[in-house]
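Some terms used for a protein model rest on cut-offs. The questions below set values against them.

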Amino acid sequence: SEGKWTGFVFSPDGQRLVTTHSVPDSKHLSLRLWSMPDGLPLSSSMPVADSESGLPYTVIFSDGGRFLVFWGSTSIEVRNGHNGLPLASPVHYGPAGQLLRWRFTHDGQRMLTWLDTNFTVWDLATGRKIGETPSQEGRINDLVIADDDRTALTVSNVGYARVWNLETLQLLAEPALQQRAAPVSSLSPDGRALALGTDSGELYR
């Protein structure tokens, strides 16, 4: 029998539900997919790697619902959003007990995750890591992806805004105008302009 329910997540279209639950006589979790129109299971219960009970974890659908992403205490795993089957082996990402933050690209093909001073890009179709940016001064507070999915803006807790090329994962320009804390900023939809608010109250483009 299935153990205690630990989480529920709907797909973006509301047609599927993923449930997570504890496993009797085990420290780990299992997940299962269900069809919402009729309440029938779409998959059997499947064990989730790196999902020790009591440690934080996250389960999300990609924006289009095609992929299901699970990350536990130290690794991340991408699964098929329709049957829950893993697309690749789990990938280790960092210390136990710390949760990643994430953004999906607008085309639904990639996911960007960050934990500290750099971010990682994942190919959702294969579940594999594409690469990661070099570490920079300061922890990333927020990340915004341009509408064309070619550039991304990161804002750090030491007051820098940085714009990155998402194909090369390199800086497009060295950061300037350091502020006392994470600045208010915005990236234009085409990724070609950055608006940056400063401590003095001036706005730069």
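A cavity is a set of points, on a 1 Å grid over the protein atoms alone, where a 1.4 Å probe fits but cannot get out, and its lining residues have an atom within 4 Å of a point. Grid points are joined across faces, edges and corners, and a volume is the space filled by probe spheres set on the points. This is a predicted model, in which local features need pLDDT of at least 70, side-chain atom pairs count only at pLDDT 80 or more, and totals for chains, interfaces and linings use all residues. Residues are numbered from 1 along each chain as its sequence is written, and side-chain values use heavy atoms, with hydrogens and water left out.

Q: How many cavities of 30 Å³ or more does a search of the whole structure find?
A: The search finds one. The largest cavity holds about 30 Å³ of space.

Q: What makes T117 a lining residue of the largest cavity?
A: A lining residue has an atom within 4 Å of a point. T117 is listed in the lining, along with Q136, G138, I140, T154, S156, R162 and W164.

Q: Why is D149 called buried?
A: Buried means under 20% relative accessible area (exposed is over 50%, partly exposed in between; 1.4 Å probe, protein chains only). D149 has 5%, so D149 is buried.

Q: What makes the phi of D149 stand out?
A: Most residues other than glycine have a negative phi. D149 is not a glycine, yet its phi is positive, about 65°.

Q: Why is L169 called buried?
A: Its relative accessible area is 8%, so L169 counts as buried.

Definitions and conventions: 1 Å grid on protein atoms, 1.4 Å probe; cavity = no way out; pocket = protein on both sides within 12 Å on 5 of 7 lines; lining within 4 Å.
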